[in-house]
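Trainee: Please take me through this model one element at a time, with the cut-offs stated as we go.

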Amino acid sequence: MTDYKEEDFLQLAGIQHFNFCRRQWALIHIEQQWAENVRTLEGSYVHQVADQPFLREKRGDRLIVRALPIHSRQLGISGICDVVEFVRHEEGVQLVGEEGRFLPIPVEYKRGKPKRDDSDRSQLVAQLMCLEEMMACELSLGYFFYNEIKHRVEVTITEEDKERTRAAFREMHQYYERSYTPKASTGPHCESCSLNRICLPDMMERRSVASYLESRLTE
């Protein structure tokens, strides 16, 4: 597998947009379109609670680190883990300034409750794969903390999960390199999308949002 250069890295968090709707991901990450709605604002607030950079906390055999920068050259991505819990384990890795060995477990904070689709899971898988690469270890466990239910959900991550994530990022890189925005796949999910009024799927069957806006500005 060929490693990506740092200047070609994509945002890790984009995989959630991509699996929710490929067009939404392209509008945000390729065409630089964005709009807020209640859901995105709630999500930002939840992450502000977790993302306190450089804060380390010890709880027994656990070392908790918040807002940890992560990356993967194999996937060509970079991002931030809301929380990583380093749990003392004999099969873990050594940490600078700490005695013993630890295994990292990513914890992702979400505004709502568990989803039926794979959009949340894929983001956690990508975080875990970054930690595996950075720390040269094998991992299979992560957690979600859902703000709506105030509850932590354990997630077992399989090799099939990892392969689906690899395939998704390969597709994302291909779209990004071509500056290609896919057509909309309309459905009930469109109603909750913050880009609903920007996407205009019924009006732009063959045109990108950028070209549509450019044509309106030159009229």
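Trainee: How far apart are the end C-alpha atoms of helix 4?
Mentor: This is a predicted model, in which local features need pLDDT of at least 70 and side-chain atom pairs count only at pLDDT 80 or more, while totals for chains, interfaces and linings use all residues. Residues are numbered from 1 along each chain as its sequence is written, and side-chain values use heavy atoms, with hydrogens and water left out. Helices (H or I, at least four residues) and strands (E, at least two) are DSSP runs numbered from the N terminus, and the expected span of a helix is 1.5 Å times one less than its number of residues. For the 17 residues of helix 4 this should come to 24 Å, and the distance between its end C-alpha atoms agrees, at 25 Å.

Trainee: How many of the residues of helix 4 are buried?
Mentor: Buried means under 20% relative accessible area, exposed over 50%, and partly exposed in between, with a 1.4 Å probe and protein chains only. By that criterion helix 4 is mostly covered, its buried residues numbering 14 of 17.

Trainee: Within what arc do the buried residues of helix 5 fall?
Mentor: Helix 5 runs over residues 159-178 and reaches 29 Å from its first C-alpha to its last, close to the 28 Å expected. Its buried residues are Asp161, Lys162, Thr165, Ala168, Phe169, Met172, His173 and Tyr175. Seen down the helix axis, these residues of helix 5 line one face, because the arc they fall within is 160°, taken from the directions from the helix axis to the C-beta atoms.

Trainee: Which exposed residues does the opposite face of helix 5 carry, turned away from its buried side?
Mentor: The buried residues of helix 5 pack against several elements, including helix 1, helix 2, strand 4 and helix 4. The face turned away from that side carries the exposed residues Glu159, Glu160, Glu177 and Arg178.

Trainee: What kind of aromatic pair do Tyr109 and Phe145 form?
Mentor: Rings of Phe, Tyr and Trp (its six-membered ring) pair if their centres lie within 6.5 Å, and planes under 30 degrees apart count as stacked, over 60 as edge-to-face and the rest as tilted. The structure holds five such pairs; in one of them the ring centres of Phe18 and Trp25 are 5.5 Å apart with planes at 90°, so that pair is edge-to-face. For Tyr109 and Phe145 the centres are 5.2 Å apart and the planes at 40°, so the pair is tilted.

Note on methods:
Contact = heavy atoms within 4.5 Å.
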